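Student: I would like a close look at a single part of this model. Please take it slowly.

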Amino acid sequence: MGYPLDRVELPSGALLFAEGDLGEAAYLIQSGEIEIFVAREGADVILARRGPGDIVGEMAVIVRGKRSAAARTVSDCVLLVVTEPQISGRLEHADPILRMCFRVVADRYLQMASLLRNVNGDNPTARTQPVSLPEFQAAIGALSVEADLRRALQSDELVFYFQPIVRLATQRLAGFEALIRWRHPKRGLVEPDEFIPVVESSGFVVEITKWCLGQAAKIIPQILAAAAPNTTGAEPLYLSINISGHDLLDPSFNARVAETLERSGVPPASLKLEVTESTLLKDPARAADSLKACRELGVEAAIDDFGAGYSSLSYVSKLPMAMLKIAPSFVLSMALDPTTRKIIQLILRLADELGIPVVAEGIEETSEAIALMEMGCAFGQGYLFGRPAPLSQTLDLIRCWTSLNTRLPPRRVPTRRNILASPLPIG
Ligand code: C2E
Ligand code: CA
């Protein structure tokens, strides 16, 4: 018997579910008391009593089976209903290791229940749900990436590559985004898309961010020194690092940002943080508090991959964000898809209203840079200006670029159509 409501109120003595019913929902007791019982040889055997804050009827829902006991109220009760789709939907999106453990526990429970029925002379009815092969593979994949990354952190296999961020109107360098790479001893250079999503879902990303901040403390002084001879009076270059929503929920994060500034002795404006909106959704209020604390230190944040997820500008306007980055996928499809172009225009107009500058990522063509600049986009990033490159190449680029003052240095890397053999015709 299931309740189609998300909240039920029952008087004392009501049957919540009977033994053998299909488990469609679990019940969180808000107030009142429930007893769980089985009928044996004409008498009820009470197995447990549950009160406010307890949950009842959960196992049959988890194993998608029949109730192994009945439940009734022993006083007036208010219950919150957790339905089977609510649980299985969350399970589908859970971390693969957690999902595997959950399935194993459910499976063990079924085996135990089946064993007890046999001991009692009942017919075994339980069907176990062994962990499926893809579930195991996903868990094994996540476990081995994490174990491998722990080793990689200790043996200096992680490196930063740096991609320039440019003021579109003047072609002046504004800063760099630090993009992580893994110099794997067997696999060569591994791109972040292969390991960041795994560490993101497990929270291990916090360890990666500690490494990123440590690197930033060492590298920002080198970037500022390379630019120094030619940037008197101009705003300092900045280095933007990618962080996760998990970091913003870590109580030691703000202290670590402060320590990074202190250790490197660089101006706070030379460090920026990029955080994707999807990772902020877990606890936006705490994330906002942490970002405010960073702002008080002088370190600003950008919302990354804007437009690719759930963002609404009203939500963004509540976050202490100093910059907005449009995802590369938008810019890359802008020329072919008029709707994408309109979305970009809308983002730029609204960001302008809020006084937040925008960086368009994924600019590969001169025409894209010009179009975006004409739409009011202040900053650009993409292969047109430079691919992510190692530190030594980046420091050379800074020296060359800043000495040219406002012009792009000669191109080294071909783009999609290789248009740009000379400086951009803008500025
Ligand atoms: P993201 O922050 O959105 O970074 C932009 C991605 O677009 C980078 O991929 C960059 O190489 C790529 N890109 C830049 N310009 C162009 C272009 O003109 N065309 C095309 N097709 N792509 C372009 P990458 O380096 O593979 O990074 C992928 C993602 O990994 C990043 O996306 C970021 O979310 C994550 N990531 C990278 N480094 C870190 C890190 O240190 N920490 C964390 N937490 N995440 C990181
Ligand atoms: Ca980014």
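Student: What is the site of the calcium ion (ligand 2) like, and what angles occur among its donor atoms?

Tutor: This is a predicted model, in which local features need pLDDT of at least 70, side-chain atom pairs count only at pLDDT 80 or more, and totals for chains, interfaces and linings use all residues. Residues are numbered from 1 along each chain as its sequence is written, chains are lettered from A and ligands numbered from 1 in the order in which they are written, and side-chain values use heavy atoms, with hydrogens and water left out.

The site is irregular, with angles of 44 to 172 degrees among 6 donor atoms. Donors are N, O and S atoms within 2.8 Å of the metal (3.2 Å for Na, K and Ca); water is not among the atoms, so sites may look incomplete.

The protein donors are Glu-177 (OE), Asn-242 (OD1), Glu-274 (OE), Asp-304 (OD) and Asp-304 (OD), at 2.2 to 3.1 Å from the ion. Along the sequence, the donor residues follow the spacing E-x64-N-x31-E-x29-D. Distant parts of the chain are linked here: Asn-242 belongs to strand S12 (residues 238-243) and Asp-304 to strand S14, 62 residues apart. Strands are DSSP runs (E, at least two residues), numbered from the N terminus.

Asn-242 is partly exposed, at 27% relative accessible area, whereas Asp-304 is buried, at 6%. Buried means under 20%, exposed over 50%, and partly exposed in between (1.4 Å probe, protein chains only).

Notes
Four donors count as tetrahedral if all angles lie between 85 and 135 degrees; four count as square planar and six as octahedral if opposite donors are over 155 degrees apart and all others between 65 and 115; anything else is irregular. Helices (H or I, at least four residues) and strands (E, at least two) are DSSP runs, numbered from the N terminus.
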